[in-house]
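Visitor: I would be grateful for a close look at a single part of this model, with the criteria behind each term stated.

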Amino acid sequence: MSQRALLLFALFAAMSILRSGFAANPELVDIATVDPTIVFALRYATEQNVTGHALYPRGTKALILPSVAQQLAGAQKYLRQFRYRLKIWDAYRSREAQQLLWKYAAKDQYVANPEKGFGSMHSYGVSVDATMVDDWSQDVTMPSKFDEFTPQAMMGYVGRDPSVKQHLTLLQLAMAHNNFYGLRVEWWHFTTADWKKYVPYWEDPAMSQAEKSAPAPKG
C-alpha cells in the first residue's frame, strides 16, 4: 500500500473516532444556539489550516462550555455597537483531533502536545480562535492569516497599518471586557479567565508548582 493510501486510511479511521468524540460531550453547547449572529467558519473542518487536512468531521458545530458561550455573546454585543461581528475559526477540539494536529503540524511553540501535561485549552471547551467581520460578513484586515505561525501572529501588533491595529485592538477589547485572555503568539486565540475551574492543571507538575498569572498555555 502506498504512503498516500496509508495516510488516507489513517485519516478515515481518525474521522470515524472523531464523529463519536464530538457527539459525546453533552456538557458543551453549540455557540450558534446562544448567539446565532456570530459567524462560524471552523478551519479544521476544512483543509484551510496549517496541516492541509480536515481534522473535524464535515458539519461539525462550534461547541463550547455554556458559560464561555455567554461570554462570547457578550463580546458579540460589544462589537455590534461598532458594526462588527465575531467570526469563530475554532472552538472545542477533541483530544483525537489534537493528536492529529500535533502529528501533522508538530510546532511545539504553538501546538500543545496531547501526550504532555493536560494538552490544549480547546479540548476543555474554554478557548476559541476568533477574528472579526464587518456588517457585510466580510473579513476585516488582521495582522496575519489563521495558523500563520510567524512574528506577525503575535498578539502585540507592531506593524504600521492603522486599520489592522484598530481591528485587532477592538477585538481584544471586546474579548477582554467579557473575561477572556489572549495568547502572546496567536492574536486569534482567546481563553476564558475562568479556565482553572474546568481544566485539571494540577495534574501537570510544571503548572501546579506555581500560580499562573497568565491564563493558559498553547492552543
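Guide: Let us begin with a hairpin: β6 and β7 form one, with 2 residues between them. Strands here are DSSP runs (E, at least two residues) and helices likewise (H or I, at least four), numbered from the N terminus. β6 and β7 pair in the antiparallel sense over 4 bridges, where pairing requires that DSSP finds at least two bridges between two strands. Within this pair, L183 has E186 of β7 as its bridge partner.

The model is a predicted one, in which local features need pLDDT of at least 70 and side-chain atom pairs count only at pLDDT 80 or more, while totals for chains, interfaces and linings use all residues. Residues are numbered from 1 along each chain as its sequence is written, and side-chain values use heavy atoms, with hydrogens and water left out.

Contact means heavy atoms within 4.5 Å; axes are lines fitted to C-alpha atoms, for helices over the stretch in contact, and angles run from 0 to 180 degrees between N-to-C directions.

The helices also pack on each other: α3 (residues 66–80) and α5 (residues 162–176) meet at an angle of about 135°, with axes 8 Å apart. They are therefore oblique to each other, given that angles under 35 degrees count as roughly parallel, over 145 as roughly antiparallel, 65 to 115 as roughly perpendicular and the rest as oblique. L72, A75, Y78 and L79 of α3 make the contact with L170, L173, A174 and M175 of α5.

As for confidence, the protein chain has a mean pLDDT (the predictor's confidence in each residue, from 0 to 100) of 84, and 78% of its residues reach 70 or more. Over residues 207–215, pLDDT stays under 50. Where pLDDT is low, the predicted coordinates should not be read in detail.
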